[in-house]
Amino acid sequence: MRKPELGRAARLRRACNSGYFTLYAGFPSTKKQELRLALGARAGTAPVRNKAKRMARETFRLNRHQLPVGIEILISAKKGIGALSRRDMRGQILDLFKYAYRLSPPSSSEAVRPDDTSEHR
C-alpha cells in the first residue's frame, strides 16, 4: 500500500484496539465494503505477516454480511503477532469487526444487526 493511501485511510476514522491489532473504520458514501491491511516489518517476519493477512482476509470474507454496507476497514498489526495461534488471531480480528459494526452510524448501517428480531429487512 502506498503511503498516501495509508494516510488517507487512517485519517478521520474511528479506531479500536485488541491485544495485537488496531482497526480503523470509516464510513464513506460509497456502497462498497473495503478491507485494507497495513502490516509493517515490526509486526514480525514475512511468514507471520502473511499468516495475519490471510486470517484477516478470510475473517472479512466470512463475516462481510455482518458489517455495514459502505464500511472501509484498515487493520494494522502490533509487534509480537507471531506469538498468537490461528484461533487467537482470528478471534481478535473478529472482535474488532464486531466493535466496528457497533461504531457504524445508524444511517449507513444497512446490514441486519444481530439483536434485530424484526421480520422485514
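Which residues are linked in a network of salt bridges? They are Glu34, Arg36 and Glu72, where a salt bridge is a side-chain nitrogen of Lys or Arg within 4 Å of a carboxyl oxygen of Asp or Glu. The model is predicted, with local features needing pLDDT of at least 70 and side-chain atom pairs counting only at pLDDT 80 or more, while totals for chains, interfaces and linings use all residues. Residues are numbered from 1 along each chain as its sequence is written, and side-chain values use heavy atoms, with hydrogens and water left out.

The structure holds 3 salt bridges. Strands (E, at least two residues) and helices (H or I, at least four) are DSSP runs, numbered from the N terminus. Arginine 36 and glutamate 72 are both buried, that is, under 20% relative accessible area, with exposed meaning over 50% and partly exposed in between (1.4 Å probe, protein chains only). The value for arginine 36 is 10%, whereas glutamate 34 is partly exposed at 25%.

Another salt bridge joins the side chains of glutamate 58 and arginine 90 (3.5 Å, N to O). Glutamate 58 is in helix H2 and arginine 90 in helix H3, 32 residues apart. Glutamate 58 is partly exposed, with 26% relative accessibility, and arginine 90 is partly exposed as well, with 32%.

The two helices can now be taken together. The axes of H2 and H3 (residues 86-103) come within 10 Å and cross at roughly 50 degrees; axes are lines fitted to C-alpha atoms, for helices over the stretch in contact, and angles run from 0 to 180 degrees between N-to-C directions. H2 and H3 are therefore oblique to each other, since angles under 35 degrees count as roughly parallel, over 145 as roughly antiparallel, 65 to 115 as roughly perpendicular and the rest as oblique.

On the H2 side, the residues that meet H3 include Met55, Glu58, Thr59 and Phe60, contact meaning heavy atoms within 4.5 Å. Threonine 59 lies in H2 (residues 46-63) and is buried, with a relative accessible area of 2%. Leaving aside residues up to four places away in sequence, threonine 59 touches Arg90, Ile93, Leu94 and Phe97.
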